[in-house]
Amino acid sequence: MDTTPLRDAHRALLEAAAAVARAGAGNPPPAGEWDAGQILAHVSLVDAVTVTAVVSAASGAVMTYDNRMAQDTWTLGRVSALAGGQAGLRERVRLHGEALCALVAPLSEAELDTPVPTLLLSHGQVQVDRPVPLRDLVTGLAESELPGHTKQLLALLP
């Protein structure tokens, strides 16, 4: 699998996060939206779940893909604290992105087509509740999830 789009999406997100960090106190997030730290913690968790799905498919194990924990405010705060704040989160996201690209690149077509039982929520609303091919989870991360959070970060700039 060509991981260029995934690498590019991680790079753009990390550049936006670094710009927000350099700007200091920027725009507050709109009501109900996350601040930069929460966005980065969320991405870190989503990347970790995706790495787990990729490793499971490569090993023949069965797993589910569920993003609910990546939306839990307490969990986001805990991940941020464990990472040491935004700088640590940026490094974690960078490393998770590199690991994900390294793990997904050599997968066979059959592995990429592995159906993964998936539950995806956004703002408390179910977006997906069905098996999704692993390939689609990875491309969705590159094409939608990461660019969406990059836009959220950029909206925090003054």
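**Entry 1: the pocket lining**

I sorted the lining of the largest pocket by class and found 11 nonpolar, 11 polar and five charged residues. For this sorting, Ala, Val, Leu, Ile, Met, Phe, Trp, Tyr, Cys and Pro count as nonpolar, Asp, Glu, Lys and Arg as charged, and the others, Gly among them, as polar. I note that this is a predicted model, in which local features need pLDDT of at least 70 and side-chain atom pairs count only at pLDDT 80 or more, while totals for chains, interfaces and linings use all residues. Residues are numbered from 1 along each chain as its sequence is written, and side-chain values use heavy atoms, with hydrogens and water left out.

I looked up the volume of the largest pocket, which is about 650 Å³. Of the 27 residues that line this pocket, His42, Asn67, Leu121, Glu145 and His149 are the closest to its centre. Two or more lining residues come from each of α2 (36-59), β1 (65-66), β2 (115-122), β3 (125-133) and α6 (134-154). Helix α6 gives the most, with nine residues.

I wrote down the terms. A pocket is an open set of points on a 1 Å grid over the protein atoms alone, where a 1.4 Å probe fits, with protein on both sides within 12 Å along at least five of seven lines; lining residues have an atom within 4 Å of a point. Grid points are joined across faces, edges and corners, and the volume is the space filled by probe spheres set on the points. Helices (H or I, at least four residues) and strands (E, at least two) are DSSP runs, numbered from the N terminus.

**Entry 2: the nonpolar core**

Next I looked up the largest nonpolar core. A nonpolar core is a set of buried Ala, Val, Leu, Ile, Met, Phe, Trp, Tyr and Cys residues joined through side-chain atoms within 4.5 Å. Buried means under 20% relative accessible area, exposed over 50%, and partly exposed in between, with a 1.4 Å probe and protein chains only.

The largest core has 43 residues, of which Leu6, Leu13, Val54, Leu134, Leu146 and Leu153 touch the most other members. Elements α1 (4-23), α2, α3 (73-83), α4 (86-104), β3 and α6 each give two or more residues to this core. Helix α2 gives the most, with 11 residues.

I then listed the contacts (heavy atoms within 4.5 Å) of single residues. Leaving aside neighbours within four places in sequence, valine 54 is in contact with Leu100, Leu103, Val104, Leu107, Leu134 and Val138.

Is threonine 3 buried or exposed? Threonine 3 counts as buried because its relative accessible area is 8%. This residue lies in the segment before α1. With neighbours within four places in sequence set aside, threonine 3 is in contact with Cys101, Val104 and Ala105.

Alanine 9 sits in helix α1 and is buried, at 8% relative accessibility. Apart from neighbours within four places in sequence, alanine 9 is in contact with Ala142, Leu146, Pro147 and Thr150. I also checked alanine 9 against glutamate 98: they are 89 residues apart in sequence and 12 Å apart in space, C-alpha to C-alpha.

Threonine 118 is in strand β2 and is buried, at 3% relative accessibility. The side chain of threonine 118 reaches the backbone oxygen of valine 116 at 2.6 Å. Beyond neighbours within four places in sequence, threonine 118 is in contact with Tyr65, Val128, Asp129, Arg130, Pro131, Val132 and Leu137.

Proline 30 is in the loop between α1 and α2 and counts as exposed because its relative accessibility is 56%. Its C-alpha atom is 24 Å from that of aspartate 47, 17 residues apart along the chain.

Histidine 123 is in the loop between β2 and β3. I found its phi near 50°, a positive value in a residue other than glycine. Histidine 123 is exposed, with a relative accessible area of 60%.

Serine 144 is in helix α6 and is exposed at 52% relative accessibility. Which segment holds proline 158? Proline 158 is in the segment after α6, and it is exposed, with a relative accessible area of 72%.

Serine 144 and proline 158 are 14 residues apart along the chain and separated by 24 Å. Proline 158 and tyrosine 65 are 93 residues apart in sequence and 36 Å apart in space.

Notes
A polar contact is a pair of N or O atoms within 3.5 Å; within protein, one must be able to donate a hydrogen and the other to accept it, and residues adjacent in sequence count only if both atoms are side-chain atoms.
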